[in-house]
Amino acid sequence: MSGWRQALCALTMIFFSGQVAQAVEVRAAVLRVDYPRLLPVSRHDLRAGDIGFAGAALADEDNGTTGRFLGHTYQTTTHAATPEEADAALDAILADGVRLIVVQAEAEDLLRLTDRAGAAGALVFNASAPDIELRDAECRANLLHVAPSNQMLADAVAQFAVWKQWRNWFLVEGSNPADQALGQAFRRAAAKFGAKLVETRIFEDTGGSRRTDSGHVLIQRQLPVFMQGARAHDVVIAADATDYFAGYLPYHLWTPRPVMGSGGLRPVTMNATHEAWGATQFQTRFEKLTQRRVAPEDYNVWLALRVIGETVTRTGSAEPDAIRAYALSDSFDLAAFKGQKVTFRDWNGQLRQPVLLYDGWTTVSVSPQEGFLHQISPLDTLGLDRPESACTAFN
Amino acid sequence: MKTLLLSTALVALGLSPALAGKAFVSNERGNTITVIDTDTWEVITEFAGGNRPRGITVSPDGKKLYVCASDDDLVRVFDTETYEELPSLPSGPDPELFVLEQSGKRLFIANEDDNLVTVTDTETRTILAEIPVGVEPEGMGISPDGKFVVNTSETTNMAHFISTEDYEIKYNVLVDQRPRYAQYTADGTRLYVSSEIGGTVTVMDIAEDGAPTVVHKITFEVPGVQPEWLQPVGVKVTEDGSRVFVALGPANRVAVVDGQSLEVLDYILVGQRVWQLDFTPDQKYLLSTNGNSNDITVIDVAAEKAVRSIAVGQAPWGVVTID
């Protein structure tokens, strides 16, 4: 019944007849930290110079179109910085009076920037870091996660594997800390959904260039050898967060099996082929505006700014506290081209969302899978659940 | 192809005077229109409907069928008797849904990709106006007096009340996430707007000058169905306003709502992913398009019961009926 009272209350707030709009100027910033990186395995994954920023441009347009009817204007500035420059870049954003900041950075930098922004009363949206700790013991009250966690991504893959009855997994992990963290998420997912790790191996990152003139020749000889002699398995699960080997796994195994995780069927927030639930319109708007195809990070930034836009539309306030409070409340929901509303977990600031399983060609499936139930929301079958989380900043 | 040939043959054999009513179903994935005899509930034929046919309506005299061929960026026109294609109408890009004014002259079309409502003259086949609206316009309703067209924008989450006189937006009403459909009652005093992702139907009272006031929100609850899957899309109201039928998408049900108390009375189980609805002209039956089970369900309106389902083409989207 409290829901009904809330709805009534919302009714009185939302009615707007065109003449009585209160002007609101919504200023936000996107801060992207660029790291020295090797080229991706596939040119399909080359990072565009405006990665993330392009999502902000579309969000400003989308929010602005709605805002036009309400007297709300949206302006989002974009900033790229090296890890060393990041703090200064944040200070400049804060000095400019902006208190809504979307950050694309690795966990360590993100946390430092979040605390720095928090001291100035700013609200931060995580658009890229997948680390579970950020949603767990290292959570921050002024940090909302639009990017899914490693656990959400791993659970999305695990559910599909279990739905397919591919329960015997051969887990191949990279040797970098980020790969190992993702590998750990897959181990937890296996335990959570009843899959078995019949074999686990680490594929050492020995460095070197991703691009050679001999291309596939060495890979075709080396990978099957690495994969041979494994116990009988249904599927190969790859944990390669640094993108150095998983992309090569399909077709180069010893035993012919599907590959999922960091190679083969990958969990993503969005891909440029996704069309269901009205996503075609999102794709065409994005492509018309940016002259390129969308990457998951563009979508994450777009979604973070849509959270802001939606909240401003409903509450008429662009204050960080008001936005945080509304986003975490039961009243908040948002359509995000994924077939159901996305909402926040009010106990760690993570956005609940379906995860697309993408094979590089099309959306193969979307998790959560049918039959995975949860007492709160099926979306809470993905990622850290409330009883598992050590996050206390939201209490 | 075989079934198509077969049904064409059946038509040729059973060609009878056109006394029977017909239902036309747009099959979004099949790129076809299925024609159903609404007396015998037999499929009469299925014909090519352009690329990605979605919104579908008929001229007031029942002679012309208009179809939003979304991927062709135009409105295709067919003869409801012969199924021959007539000259198309310009629609602007990606037309999804539209509404024809009572006189049949102007068609108001939602262009999903361009944040526009396009007004097309069906006689001169020219575009009269383009009206900027919110992001991803979709639902289109027209007031019974023809003075207002209501467009819903799926990402902006508003119902825009457009004057059909000067094409200016007179009122904007914020509703819940992803509004899909707008339906006036026959007396024009009330408007229902469905919100697919929000899971609600917003009810507005309409004043004499057309001004809306939100009075209620209908919510839905079905035991054993996840609330996430209760996604209202198509809405139809009986002539007397006493019953409101709401298609609930992946919940595979049509809700029956009391038009007075606005209480949900019942949920009728239909096919999978039910989107659009239309009454037969006598309002004895309500038809629902079930996109994931490739059929339509026939609901007996008085009994409020599903009485049969009819296989149609692939991914049925919209439906319209004639006498």
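Trainee: Which residues does T73(A) touch, not counting residues up to four places away in sequence?
Mentor: One note before that: this is a predicted model. T73(A) touches E25(A), V26(A), G64(A) and G67(A).

Trainee: And where does T73(A) lie?
Mentor: In strand β2 of chain A, which covers residues 72-81.

Trainee: What separates T73(A) from R135(A)?
Mentor: They are 62 residues apart along the chain, and 32 Å lie between their C-alpha atoms.

Trainee: Let's switch to helices. How many residues of α2(A) are buried?
Mentor: 13 of its 16, so the helix is mostly covered. α2(A) runs over residues 53-68 and reaches 22 Å from its first C-alpha to its last, close to the 22 Å expected at 1.5 Å a residue.

Trainee: What about the span of helix α6 of chain A?
Mentor: That helix has 17 residues, 177-193, and should span 24 Å at 1.5 Å a residue; its end C-alpha atoms are 24 Å apart, which agrees.

Trainee: Which residues are buried in α6(A)?
Mentor: D179(A), L182(A), G183(A), A185(A), F186(A), A189(A), A190(A) and F193(A). They cover an arc of only 155° around the axis, so they sit on the same side of α6(A). On the other side, P177(A) and A191(A) are exposed.

Trainee: What do the buried residues of α6(A) pack against?
Mentor: Helix α5 (150-163) and the strands β6 (168-174), β7 (196-203), β8 (235-239) and β9 (259-261), in chain A. After α6(A) comes G194(A), with a positive phi near 80°.

Trainee: Now the domains. What does the assignment give for chain A?
Mentor: Domain 1 is 2-148 + 271-353, and domain 2 is 151-266. Their centres, taken over C-alpha atoms, are 31 Å apart.

Trainee: How many residues are in contact between domain 1 and domain 2 of chain A?
Mentor: Nine residues of domain 1 are in contact with 10 of domain 2. The domain 1 side has seven nonpolar, one polar and one charged residues.

Trainee: Which residues have the most contacts inside the largest nonpolar core?
Mentor: I101(A), V102(A), V103(A) and I237(A), in a core of 114 residues. Helix α9 (residues 296-315) of chain A gives the largest share, nine residues. Domain 1 and domain 2 of chain A both give residues to this core, so it lies between them. A second, separate core has 92 residues, including V25(B) and F108(B).

Trainee: Last topic, the two chains. How many residues of chain B are in contact with chain A?
Mentor: 25 residues of chain B, which are in contact with 21 residues of chain A. On the chain B side, β15 (169-174) and β19 (212-219) each supply at least two residues, and β15(B) gives the largest share, five residues. By class, that side has eight nonpolar, nine polar and eight charged residues.

How values were computed
Residues are numbered from 1 along each chain as its sequence is written. Chains are lettered from A and ligands numbered from 1 in the order in which they are written. This is a predicted model: local features need pLDDT of at least 70, side-chain atom pairs count only at pLDDT 80 or more; totals for chains, interfaces and linings use all residues. A nonpolar core is a set of buried Ala, Val, Leu, Ile, Met, Phe, Trp, Tyr and Cys residues joined through C-beta atoms within 7 Å. A residue is buried if 20 or more other C-beta atoms lie within 10 Å of its own, exposed if 12 or fewer, and partly exposed in between; C-beta atoms are placed from the backbone. Helices (H or I, at least four residues) and strands (E, at least two) are DSSP runs, numbered from the N terminus. Domain bounds come from an automatic or database domain assignment. The expected span of a helix is 1.5 Å times one less than its number of residues. The arc is that of the directions from the helix axis to the C-beta atoms. Two residues are in contact if their C-beta atoms, placed from the backbone, lie within 7 Å. Ala, Val, Leu, Ile, Met, Phe, Trp, Tyr, Cys and Pro count as nonpolar, Asp, Glu, Lys and Arg as charged, and the others, Gly among them, as polar.
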